[in-house]
Structure formats: structure tokens, C-alpha cells
Amino acid sequence: GAPGLTGPDTVQVDFVPLPVVSGISPATGPAAGGTVVTVTGRGLTGASTVQFGAHAGSDLQVLSDTSLTVTAPAGAGTVDVTVGNQAASSSATQADLFTYLPAAALVTRTLSPGWNTLSVPFTLADPTLAAILSDGGASLEVAYAFQDGAWVQVTQANEQTLLAEPLVGLYLDIGGSQPVTATLRATASPNPPPTAALAPGWNLVGPSALEGAESYSDFLAGVATSSVPVLVDPNGAGATSSDPETDTQDQVRNGYAYWVWAQAPATVVGRIPTGQVQS
């Protein structure tokens with residue numbers, strides 16, 4: 001052998017696995033950012049960055065080799081969520097797509113312990129109570145819709161049908177002592193606005209994504225004159241209007257449900273807002 005060499009040099013090579021993203025939850029969030037997203041996959045232990053398209057997420061927390069959380073930055077449209085480590089980044093797939101919702105397509109409100117009304121302002125991306133409630137439905141005692149003059153209990157078997165109807169109103173009984181956040185995410189921007197049919201008699205309905213609140217008369221702007229003689233607000237102190245179609249003082253609020261008496265079949269037409277709504 002060559003002078004001075006007594007044996008082969010030992011070289012240690014550390015292989016860093018390529019991260020793979022197999023899913024993200026939730027897969028939608030507001031254009032302003034701030035959504036905490038859970039990324040699942042494999043090879044995530046060494047993750048140092050998470051990109052939402054061209055923009056980096058923040059508050060990255062690696063939970064295990066198969067899971068991490070990250071806060072989405074501001075953005076627009078649909079982007080790939082890719083995970084990077086010191087060696088490479090995950091490849092873009094259909095499983096990593098995150099959609100930024102227009103401000104009008106996201107509504108949040110707080111539900112207190114006890115009975116609350118809740119309304120669906122638009123077609124939901126995930127029409128389940130587990131997806132709507134911040135605790136995944138753990139505190140929900142029972143939920144009811146009112147259809148065709150009768151109460152219908154909302155269950156896992158029927159909720160995707162009941163909650164798929166925009167402007168539908170619900171009653172939810174929240175257990176425990178802590179409030180729960182209800183987050184309603186649309187499949188897309190609600191344009192054209194949603195509509196709801198009013199049957200003769202009592203109907204439990206809510207407004208579509210409003211900028212905070214609007215008058216009874218604006219809420220019923222698409223309804224034929226004098227077809228709705230009574231509107232009852234069951235929320236908080238409540239209010240009853242015997243002439244809601246001309247009532248410009250009392251207001252309906254986004255995400256809440258209201259009792260509307262119809263003398264004949266009619267249609268409530270939603271309204272398109274210009275900003276994100278919270279109540």
C-alpha cells in the first residue's frame with residue numbers, strides 16, 4: 001500500500017429522509033392567515049420549514065415523525081403545503097392542497113354553555129358538527145333542526161344532509177362550563193348568494209354572511225310583500241316584530257337563527273358581504 005496508510009478511512013454518512021405529506025387539516029382558511037394546520041405524513045421529524053406556496057408558515061411544532069402543526073401565512077387561491085428539512089422538501093401532491101377562502105366565506109361565533117341557535121350561512125366545506133365546533137363536538141349534548149313543521153335531531157347519519165342546506169337554522173345544547181367556537185367555512189365564495197325556501201307556517205332560518213348585522217327588512221328583501229307577518233328573535237333578550245318586512249330598526253345577526261312565520265311559500269335570498277364576519 002501507499003506509505004503512511006494503514007487502512008481505509010471510515011466515512012459516516014447520515015441519511016435524512018425525504019419528508020412526505022399525506023394530509024392536512026383543516027384544508028381551508030381565511031386569506032388573512034392565522035389558521036393552525038395539522039400536517040400528517042412521514043419523515044417530518046427534521047422539518048425546519050413549511051411552505052404555503054411561496055410563503056412560509058410560522059409557529060412550526062413537530063409533534064412526531066408523522067405529525068406537525070404550523071400556522072398558515074396570508075395568501076390567496078389554492079396552494080401546496082410542502083415540508084422542508086436540511087436535505088430537501090416534500091413533493092407537491094393532491095393531498096397537500098390548502099385553499100384560502102375569501103373573507104366572505106368564513107364565519108365564526110361563540111356558543112355559550114346551554115342552548116344556542118346557529119345558522120348555516122352558505123354551503124359548507126365540511127357539513128358536520130365535529131368540523132364546525134372547536135372541540136370537535138365533545139361538549140355537544142344534542143342538536144335539532146326544524147323542518148316541515150317538526151323537530152329533527154341532528155345525528156351523524158343525517159347531518160351532512162341537514163347542514164348542506166344554506167340558511168338552515170339549528171338549536172344546539174352545549175354542555176360543560178366553557179364556551180365553544182363555531183367556525184363555518186364555505187366551499188367557495190358565496191356568489192351567487194344562497195337561498196332558502198320558506199314553507200307556510202314557522203321556519204327556523206338564518207341570514208347569509210353579513211357584515212355583522214342587518215335589519216329585518218333587508219333580511220327579507222327578497223320575500224314577497226306581506227307574506228311574512230312575524231319574525232321572532234330567540235337569541236338573548238329576543239324580539240318580536242309584527243311587520244318585519246318594513247322593520248328597519250331591529251337586526252338579525254350572522255350565524256344566528258330566527259323564527260319566521262310565512263303565510264305562503266316564499267324564498268329568503270342571502271346577501272354577499274365584503275369582509276370577514278365574526279360575532
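The following questions and answers concern a predicted model of one protein chain.

Residues are numbered from 1 along each chain as its sequence is written. Local features need pLDDT of at least 70 and side-chain atom pairs count only at pLDDT 80 or more, while totals for chains, interfaces and linings use all residues, and side-chain values use heavy atoms, with hydrogens and water left out.

Q: How many strands does the protein chain have?
A: Helices (H or I, at least four residues) and strands (E, at least two) are DSSP runs, numbered from the N terminus. The protein chain has three helices, and its strands number 24.

Q: Which strands are the edge strands of the open sheet of four strands?
A: The order of this sheet is β17-β22-β19-β20, with antiparallel pairing. Two strands pair if DSSP finds at least two bridges between them. Each edge strand pairs on one side only, and these are β17 (201-205) and β20 (239-241).

Q: Which residue in β22 stands opposite Leu-204?
A: Strand β22 (residues 258-262) pairs with β17 in the antiparallel sense, over five bridges. Opposite Leu-204 stands Trp-259.

Q: Which strand supplies the largest share of the lining of the largest pocket?
A: A pocket is, on a 1 Å grid over the protein atoms alone, an open set of points where a 1.4 Å probe fits, with protein on both sides within 12 Å along at least five of seven lines; lining residues have an atom within 4 Å of a point. The largest pocket is lined by 18 residues, with Asn-203 among those nearest its centre. At least two lining residues each come from β12 (140-147), β16 (195-198) and β17. The largest share, five residues, comes from β17.
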